[in-house]
There are 2 protein chains.
Amino acid sequence: MTETNQVRIAILGLGTVGGGVYQLFQSQKDSLEAKTGLSAEIAAILVRDVKKPREGIAPSLLTDNFDDILHDETIDIIVEVMGGIEPARTYITEALHAGKNVVTANKDLMATHGGELLDLAQEVGRDLLFEASVAGGIPIIRPMKQCLAGNRITEVMGIVNGTTNYILTKMDDEGMEFSDALAKATELGYAEADPTADIEGYDAGRKLAILASIAFHSRVTFRDVYTEGISHITAADIRYVKDMGCVIKLVAIARETEKGIEASVQPMLLPADHPLASVKDVFNAVFVRGDAVGETMFYGRGAGRFPTASACMGDIIDVMRNIRFYCTGRIGCGCYRHVPIEPMKETVQRYFLRMQVADRPGVLAAIASVLGGVGVSIKQVVQKPTKAGQAELVLITDQVKEKDFLDALERFKSMTDMIQDISSLIRVHE
Amino acid sequence: MTETNQVRIAILGLGTVGGGVYQLFQSQKDSLEAKTGLSAEIAAILVRDVKKPREGIAPSLLTDNFDDILHDETIDIIVEVMGGIEPARTYITEALHAGKNVVTANKDLMATHGGELLDLAQEVGRDLLFEASVAGGIPIIRPMKQCLAGNRITEVMGIVNGTTNYILTKMDDEGMEFSDALAKATELGYAEADPTADIEGYDAGRKLAILASIAFHSRVTFRDVYTEGISHITAADIRYVKDMGCVIKLVAIARETEKGIEASVQPMLLPADHPLASVKDVFNAVFVRGDAVGETMFYGRGAGRFPTASACMGDIIDVMRNIRFYCTGRIGCGCYRHVPIEPMKETVQRYFLRMQVADRPGVLAAIASVLGGVGVSIKQVVQKPTKAGQAELVLITDQVKEKDFLDALERFKSMTDMIQDISSLIRVHE
C-alpha cells in the first residue's frame, strides 16, 4: 500500500481476460472505497512486449520484468491471468513469499499445483483466491467454501466447458456432425485453434479437480480425474438418444462414496427434463448436492472476457476487505482430509451401447446372455434392420461395475460372427 | 469464548428451523475446528417453555430468559430463528450492543429494519449475517455481496416463495383451480394455516426488499415493494396462457433504471422456455444480471428445516472464521447510495387482459382504439364466442406505462354496452 492507504494491484498478462480485468477495474474504481473502505489503483501490468501500443492503457504501467512487480513493496495484490503452469507457478510462489496476495484465473495451475500454492498462502497468511478458475463468472467456489460449509457435500456435477456444450447443442438442435459443429465453434471464436483441451475433456477435468477438492475437503488433482472427450459422438447417436427422451452433455461429475472419491468427465446421456439438459450453447451450470441443503444449482456464463473478469474483480474486492481488516489468509485451502480416489473401472455406471449386428435369431439372446453373465440387465433396447442381413442394435443397461462391463465388451469383440462393430459406448446418468 | 478458545453459540427459538440448526450443528461439530480453526458448542437455547421435553436436547441448555444469554459474556454468536419483528428486533439490538455476533433467518425483520440493524453491527464491529433470510439454503446473499461485487447489478428476478410456486405448478400441470391447489398445499404442509403472507406476495416482497438492497447498494424496505398475490389467477387464465406458449409464475423483480429502483412481486407470464419457467413445486431460483457477468442463476430449495439450517450453519462458520481472525464486521450493510424508488404506476409493463365482451362488429375496434389512445399496441389477440351474443377476448399488449394502461382500463369499465367484465389482468415479462 501507499502511505495514503491506497491498495496497489499488478496484473500479470494483458490478453482477453487481463484486458477485461483492467477495463472492469477502471469502471468500478470509484465504488471501491464505498465497498471495501479502501481505494485502489492498478500499479503495473506484466506484458511480453512493452512497446506494443495498447489503447487506453498508460505505457508507464507496462513492464516485461516480473521482478519490477515482485520487488515493489507497495504492491499488495497480484492478479495472475497469464494461464499455463509456468511461469505462473513461479511468479505466484514468489509473490506469496514476498507477502503479496494473489488472485488467479488459472485452472491448469490450480488443478495441478493448487494444494502446494494454497498451503504456501496459508503459511504466509495471505489470500490466494481463484473464483475465476472454474465456470468463469458463476459464483461457485465461495458459495461452496462458505455458504454450503455446513453441509457434507456428496456430489458435484456440472457442465463446465462452454466450447463442447456449444458443439453438442448444435449437434442436438441442428443434427450436425461433430466436425461441422466444431468448425462452427471455431468460426465463432468459441473453440481455440488447437481445441484438444476442450474437446477431450481436459479443461473440464481441471475444473472438476478444483471443485472436488473444495467439495470433499480432500485434494483432487487433474490426474485423478478420468477424462473422455466428445469427438466420437455422432449425429446418429444424438438421434437415437433423442428418441429415448435424452440429450448428450459433456458432464463433469465427482462423488464421495464409502469407497472414496469418483471424479470423471465424459459425454453422458441425461433425461431431457434434467435441469442440466436445458443448459445450452456456451452456458455453464454446476449442481451441488449437500446433506442439509439438498440440490442447488449455479448457472451462468462460464467463460469470456467480462464474466471471467467479474470473478477476478470479486476476488480483488474480497482481498481488499481482508487487507483492511488485517485478515488475509482468512479462508485457506480447506483440504483437511485424505480420501482415496476410486479408479474409474471400480465405479458403477449405466451404458448406452450402439452396435452393428447380424440380423438373425439368437443374436440378441447371445448378447443379453453375455451381459447377464456380468450381472447386467438391459433396460431399453431398439433393433432396426440396416442392410441385408444386418441390423443396428441400441441398448441402455442397468447399473454395472465398469470393469465388469468392459469384460462383457471384450467378449463382444470376439463374437465376430454376430457383432460387426461396436459403434458407440456412452455412459448414462444414474 | 471460553478460556479454551471454544466459540459459544446461543440459539433463539427451537421451532422447525431452530431444531434443524441444532441437529445440523451437532452433526458438523467435529469438522468445525478443521474448517475454522476454532471449536464451538451450543451453550444455550431460548425457548418459551423450558419444561416441555425435547428429545436429544439437554434440559440444561434451555432457558426462557433472554437475559441469561445476553449477560453471558462467553457467548459469542446468537442465532435468531424465532421469526417476527418483536422481540427479535430488541434481542438482536441488545446482543449487538453486548458485542455478540448475530446470525438470523428473519426476513420480516431484515426487510423492515435491516438498515438500522446492519448499521448498528457496523458501529460495534460485529457480524450480522442473514443468508437464510432469502431463498432458504440457496447461496445468494454472499455471492451478490462478494462474488459479484465487481458488477453493476441491473436486475434481480426470482421465484422466491415455494408455497405459491407449488400452487401455480399444480394449477399448470393438473388444471386445478387456485382454491384446490391451495388446499393441497395446506394438506402437504407447504402452506401455513393462515396463508396470507405467501399467497398475497408479502413473503416474496420481503425477500425482494433484502435482495434489492444488496443488488443496488441502496436500502429498499418491504413497503417500497409493490405486491400482488395469486389468488385471482384462475384455471381459465392458465389454459389461455399455455396456448400462448407461456406459464404464470409469482415473480419478484427489481430493476435499477435511470429513474430509480423498481421493485415488485406479482403473478407474471413468462415464455415457457424462460429458465424460471421450469422451476417447479417448492423450488426457488434467483436470476441476477450484472454488467460484467451477464445473467447468473441460483437454484435450490428455498425453504424447509435443513435447507434453512444449512444457510444458518454457513453463516455460523463464517462468523467463527471472523472471530478467529479478529475481523468480525468485515462485510457490512453495503448500502452506500440513496436511489429513489420508482412508483409502480410509473413503470413500463406489458399486460395479459381477459375480458367478456359483446360479440358484434366494432367491439374489438373500440377496444383497440382506447388502447391506441394511450399509446399501446396489441401484440396478440384471441377472441372466442362464449354464449349467444357474447365472446371472450384475450389480448397481450406491447409495453406501456402502467398509469396509462390503468387509464385505458377505467375507460373500459365505462363501456358497459360492449364490455361486460374484465376477468383477468396479469403482467407479462418484457
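Student: What share of the 430 residues in chain A is buried?

Tutor: Good place to start! In this predicted model, buried residues make up 53% of chain A.

Student: Why does A:Gly13 count as buried?

Tutor: Set its value against the cut-off. A residue is called buried if 20 or more other C-beta atoms lie within 10 Å of its own. A:Gly13 has 22 such neighbours, so it counts as buried. You will find A:Gly13 in the loop between β1 (6–12) and α1 (16–28) of chain A. Leaving out residues up to four places away in sequence, A:Gly13 touches A:Gly18, A:Leu46, A:Val81 and A:Met82.

Student: How do you know that the radius of gyration of chain A agrees with a compact globule?

Tutor: Compare two numbers. For 430 residues, a compact globule would have a radius of gyration near 22 Å, and chain A has 24 Å, which agrees. Along its principal axes, the C-alpha trace of chain A spans about 85 × 45 × 35 Å.

Student: What makes the relation between chain A and chain B that of a two-fold axis?

Tutor: A turn of 180° and a shift of 0.0 Å along the axis place chain A on chain B with an RMSD of 0.0 Å. That is the relation of a two-fold axis. The C-alpha of chain A nearest the axis belongs to A:Phe298, 2.4 Å from it.

Student: How do you know that the copies meet through the same surface?

Tutor: Check the interface residues of chain A: 100% of them are also interface residues in chain B, so the copies meet through the same surface.

Technical notes. Residues are numbered from 1 along each chain as its sequence is written. Chains are lettered from A and ligands numbered from 1 in the order in which they are written. This is a predicted model: local features need pLDDT of at least 70, side-chain atom pairs count only at pLDDT 80 or more; totals for chains, interfaces and linings use all residues. The radius of gyration is taken over C-alpha atoms; the globule rule is 2.2 Å times the number of residues to the power 0.38. A residue is buried if 20 or more other C-beta atoms lie within 10 Å of its own, exposed if 12 or fewer, and partly exposed in between; C-beta atoms are placed from the backbone. Copies are superposed by least squares on the C-alpha atoms of residues with pLDDT of at least 70 in both. Two residues are in contact if their C-beta atoms, placed from the backbone, lie within 7 Å. Helices (H or I, at least four residues) and strands (E, at least two) are DSSP runs, numbered from the N terminus.
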